[in-house]
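Here is a short briefing on one protein–ligand model. Look over the sequence and the coordinates, then read the points below.

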Amino acid sequence: MNSSIRAHFPILHQNVNGKPLVYFDNAATSQKPLAVINAIKDYYEQYNSNIHRGAHHLAQLATEKYEDARKTVAQHLNASEREINFVRGTTEAVNLVASTYGRQNVKAGDEIIVSEMEHHSNIVPWQMLCEDKGATLRVIPITDSGEIIFEEYLKLLSEKTKIVSIAYISNALGTIHPVKEVIREAHKVGAVVFIDGAQALPHKKVDVKDLDCDFLGFSGHKVFAGTGIGILYGKEKLLEAMPPYMGGGEMIKSVSFAGTTYNDLPYKFEAGTPHIEGGISLGVALNYINEIGLDKIAAYEDELLQYGTHKFSEVEGLRIVGTAKEKASVISFLVNDIHPYDLGVLLNQQGIAIRTGHHCCQPLMDRLKIEGTCRASFAFYNTKEEIDVTVNALKRAIKVLS
Ligand code: 7TS
């Protein structure tokens, strides 16, 4: 894959604490290729302008680029442009659906299902909705290895179930959930399904028609685009029936004190001046990974994961947390009774960026009876050499901390 790819990412070529940077925090946010950095720079240098309302040249250019990005996202997900709503990220996508579809369709006595290993952003908005409506949040239990127990999921499903919301890939453990089957079973009881695609989009091809998910959210910054931009996909029929999320400019057809009519999809959910250069950067980022090829990326990352799992397992006292059969790009681990943060600090001193803590998955940590983990998460610009460097650094750190 590699040295030519790494040349596309300027940030990777620096020393941290006197050592070459090893960036293994890709699940938190990914680094940006020059194509994305230049697209953002070009926007401000050449055609910065507010979109959709301008007769002038710059406004037309910015609008064109922004809408081109929407087209790219739609093609990437196999959706129509009307189904692609720009939002700030996965968190906003979940909140949007909970506040609109949820408020409209969930009533007292209904149930919403999530898994035990969701990110807080895929728990708290549903909890808030349940509290508001007198509905109940039900939780799919998981095994010690970090897989959902499918039979238990089936038992939770009933005519009371209105929404099922689950990550495609877990950020804390890397488990790839069988979302297609989850969706199929939810539909049998008439529930809609929200897929949290935050960790899936950077690693694999996601086809919303093939999955048949009702909603899917993801964050641009995890898929090599800028921060503060993301996508909510929704089936057109559902989006049409939903009330708006925020009121303001752009989401209206006409406004008077007698009443307001709302804009067509997708603008109905895009009140206010959007993150224009963010949206443009997302289109560029998706084109960039498609040029490399997602199949190639997935295969290479799997190689890194297998290699890393093998090498990390050889470190004395190290225990990998999350050993599901289907995994992507994440190795969570603990070493003896060393606090993850202490290991993180010592690795940082050697130029290595990992993340430590609960990874916004406190219920998962409670289930596993741990406070947190160390997490190394890979992208396609990482290398086996970086894994070797990390394993050696780990051994040194463990010696100091033992
Ligand atoms: N869902 C999953 C599966 C995630 O991994 C994250 C962010 C989110 C939702 C929220 O995304 P946001 O862009 O709206 O913040 N995950 C992480 C992480 O693992 N470390 O930092 C952020």
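Predicted model: local features only at pLDDT ≥ 70, side-chain atom pairs only at ≥ 80, totals over all residues.

Residue numbers start from 1 along each chain as its sequence is written, and side-chain values use heavy atoms, without hydrogens and water.

**Ligand contacts**
- Polar contacts here are pairs of N or O atoms within 3.5 Å; within protein, one atom must be able to donate a hydrogen and the other to accept it, and residues adjacent in sequence count only if both atoms are side-chain atoms.
- The side chain of S219 places an N or O atom 2.7 Å from a ligand oxygen.
- For H221, a polar side-chain atom sits 2.8 Å from an oxygen of the ligand.
- N171 has a side-chain N or O atom 2.9 Å from a ligand oxygen.
- Alone, the ligand exposes 490 Å², and the protein buries 85% of that. Areas follow the Shrake-Rupley method with a 1.4 Å probe; for residues, only the protein chains shown count as cover.

**Nonpolar cores**
- A nonpolar core joins buried Ala, Val, Leu, Ile, Met, Phe, Trp, Tyr and Cys residues through side-chain atoms within 4.5 Å. Buried means under 20% relative accessible area, exposed over 50%, and partly exposed in between (1.4 Å probe, protein chains only).
- The largest core has 103 residues; L77, L216, F312, F333 and F380 touch the most other members.
- Helix 10 (residues 276-292) gives this core its largest share, 8 residues. Helices (H or I, at least four residues) and strands (E, at least two) are DSSP runs numbered from the N terminus.
- Domain 1 (3-25 + 293-401) and domain 2 (37-290) both contribute residues, so this core lies between them. The bounds come from an automatic or database domain assignment.
- A second, separate core of 24 residues includes A93, A135, L232 and L265.

**I289**
- I289 lies in helix 10 and is buried, at 0% relative accessible area.
- Beyond neighbours within four places in sequence, I289 contacts (heavy atoms within 4.5 Å) H76, L201, V223, F224, L294, I297 and F380.

**Helix 7**
- In helix 7 (residues 179-188), V179, V182, I183, E185 and A186 are buried.
- Their cover includes helix 6 (150-156), strand 7 (161-167), strand 8 (192-196) and helix 8 (208-211).
- G190 follows helix 7 with a positive phi, near 85°.
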